[in-house]
Number of protein chains: 2
Amino acid sequence: MIKGITRCATAAMLLTMLSVVNAEPALANSANVDPLPSWNEGRTKSTIFDFVQETTTEGSKNFVQPQDRIATFDQDGTLWVEHPLYTQYLYILSKTNGIVQHNPSLAEHEPFKTILSGDMKKISELSNADIFRIAIMAQDGMSVEDYSADVVKWLETARDPRWNRPYTDLIYQPMLELMEYLRENGYKTYIVTGGGQDFVRTYSDRVYGIPPEQIAGTSFSTQFKYDKDGKAFLALQPSLFFNDDFGGKAEGIGLFIGKRPHFSAGNSTGDREMLEYTTSGDGARLGMLVFHDDAQREYAYGPAQGLPASNVGTFSQSLYDEATTKNWSIISMKNDWKTIFKFEQ
Amino acid sequence: MIKGITRCATAAMLLTMLSVVNAEPALANSANVDPLPSWNEGRTKSTIFDFVQETTTEGSKNFVQPQDRIATFDQDGTLWVEHPLYTQYLYILSKTNGIVQHNPSLAEHEPFKTILSGDMKKISELSNADIFRIAIMAQDGMSVEDYSADVVKWLETARDPRWNRPYTDLIYQPMLELMEYLRENGYKTYIVTGGGQDFVRTYSDRVYGIPPEQIAGTSFSTQFKYDKDGKAFLALQPSLFFNDDFGGKAEGIGLFIGKRPHFSAGNSTGDREMLEYTTSGDGARLGMLVFHDDAQREYAYGPAQGLPASNVGTFSQSLYDEATTKNWSIISMKNDWKTIFKFEQ
């Protein structure tokens, strides 16, 4: 009899273990726990639930086979803070002192003069070409592994001045919940970023639960080389290989995934083509745009809807209008998000 | 008591279900069923078992974390037959008649003259540039989706003349078992091919169990465009974007995966750098080369070890010597494989 009890207790334990492994899709109306607790109730949140239910319920007209459930997310301004400047640009700019120490005459020339001035507004107006130039000077010839190690080291000590926290703390909690919710429902989540692929790969798994191989981004060329011991490595080269922005985001999806996504989220004009590509497909497709309209809790910029214009993460009125016409969801940071960051909870 | 029995029966059922979900690594010496039944017993087979045991047994000096278990496979000549000519080249050449019908004067010019002659030896000596030229003429401006549909249609009817079978039947059964065995042990399998990424993606899931997003290959540029209804699509462009061969295979691994593999298999000089990159990493790494030394059951070509030289899938003596020096496994098709194709079983 004691043996019998033990066995039956084991059955209960196994049942618990099994329910974790074979968990039912965590749909809003069937689960006891809200999978999106940091989202306020309303149209945006229910649009997400409707989309997931429609695409994952067998027998539904717009059911999507598990292998075709692809969700793509822009990073800067969509998953984490991009103001006053993209985090990767801050990493690149942190190399300026070293470069100028090596070659002091550069201090009198642009873009070094502006960077060394520390004037963040002027720095945020530097061209991508200027930033790429610094990046190339800092990393040219470096192995991909050494570059990654250097990024990891920088991220450990660098702090955002407004929140005095590591940049990888400045992730939007509602978007983390959304990615997790999509994954629980069989979606494979990708980051499709105008930022550096190798940069994002250093923390994507830890921060977003997205492995390096699911990051499509902008990249420099690499070259296969041998070190002095004859060991093979990949050396970063001084040329842009792929620019994953605007039309390049859709092209990057073709290149890295080879499937048209059913879900895409972005926040700026650089994400327009990704959302157009996604929502031009058949069946249910959801495009979402994070709108930064919350100067108090984060930042407010447009120029859409009369918000201040910004070089970093421009959200134009024409993008806003297209979103409205095409039924893309505009996520109002102010109204749709109960919490912005995990550390606020 | 009846209730008790029922519960205990449920426990047994759950245990069975659970063992499927949390299956132990299917190692040769712990499993009842040989995971590599098409491989003859011997050094090559035991090298595979040793590598998997070493890298997947917790506590082992060379244990590899699940997320770092990356295995890359060349396709042509490694996973399927590449003689007398790469299957994708046959697909491209099938477009010649259409092109010449459209522009009859081309029939008098190379490479069309050689292709129309049907002389397979001469055709196999055409340059990649010649083949690319035909490919571009056939596919320029086509949407990626239309291209894929055309490949699928061709594969349905095209037959290899020697075996009178669809090309996708000419997959090496031992390699299918090896890929499956690695996957069962937590390895993520990728194809890293000099062939066309979009071509291989059309059948990779069905044939190899590898999803399209795990195919790294040679690609043409695409351009984001709108069709007449304003729907977004990707149009193939008349320029090579990425050449995934030789050093490009290692660079492609960096680009598409962002991790150094622990296992790579190839069969020709085009795979040398991929194996060098793989085996230059720390810990246990396994490089394997399929050696086509079985003219009776498949083909025999080198020029390594005195076999006839071949333009298609060249296996040079220097590659053979490097493999020996670096302890890469050379898979003798003749001696290591009990069965070549599934349909022979």
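Predicted model: local features only at pLDDT ≥ 70, side-chain atom pairs only at ≥ 80, totals over all residues.

Student: Which residue in the turn between β3(B) and β4(B) has a positive phi?
Tutor: The two strands form a hairpin, with 5 residues between them. In that turn a positive phi of about 80° belongs to B:Gly230.

Student: Where in β6(B) is the bridge partner of B:Ala265?
Tutor: Strand β5 (residues 263-266) of chain B and β6(B) are paired in the parallel sense, over 4 bridges. Within β6(B), the bridge partner of B:Ala265 is B:Met288.

Student: Through which helix does the chain cross from β6(B) to β7(B)?
Tutor: β6(B) also pairs with strand β7 (residues 329-332) of chain B, in the parallel sense and over 4 bridges, and B:Leu289 stands opposite B:Ile330 there. The β-α-β crossover that leads from β6(B) to β7(B) is right-handed, and the helix it passes through is α14 (residues 317-325) of chain B.

Student: How many residues of strand β6 of chain B are buried?
Tutor: In a regular strand the side chains alternate between the two faces of the sheet, so each face has to be considered in turn. For the strand, residues 286-291, the count of buried residues is 6 of 6.

Student: How far apart are the end C-alpha atoms of helix α7 of chain B?
Tutor: Helix α7 (residues 128-139) of chain B has 12 residues, and at 1.5 Å a residue these should span 16 Å. The model agrees with that expectation, because the end C-alpha atoms are apart by 16 Å.

Student: Within what arc do the buried residues of α7(B) fall, seen down its axis?
Tutor: The buried residues of α7(B) are B:Ile134, B:Ala135 and B:Gln139. Seen down the axis they line one face of the helix, because they fall within an arc of 115°.

Student: Which elements of chain B do those buried residues of α7(B) pack against?
Tutor: Packing partners are found here from contacts, with C-beta atoms within 7 Å. By that criterion, the buried residues of α7(B) pack against α3 (87-93), α4 (96-102), α8 (144-157) and β4 (232-242) of chain B.

Student: Which exposed residues lie on the face of α2(A) turned away from its buried side?
Tutor: In α2(A), the buried residues are A:Ile48, A:Phe51, A:Val52, A:Thr55 and A:Thr56. They cover an arc of only 100° around the axis, which puts them on the same side of α2(A), and they pack against α9 (173-184) and β6 (286-291) of chain A. The face turned away from that buried side carries the exposed residues A:Arg43 and A:Ser46.

Technical notes: Residues numbered from 1 in each chain as written. Chains lettered and ligands numbered in written order. Buried ≥ 20, exposed ≤ 12 C-beta atoms within 10 Å, placed from the backbone. Pairing = 2+ DSSP bridges. Right-handed = clockwise from strand over helix to strand, strands pointing away. Expected span 1.5 Å × (residues − 1). Arc of directions from axis to C-beta. Contact = placed C-beta atoms within 7 Å.
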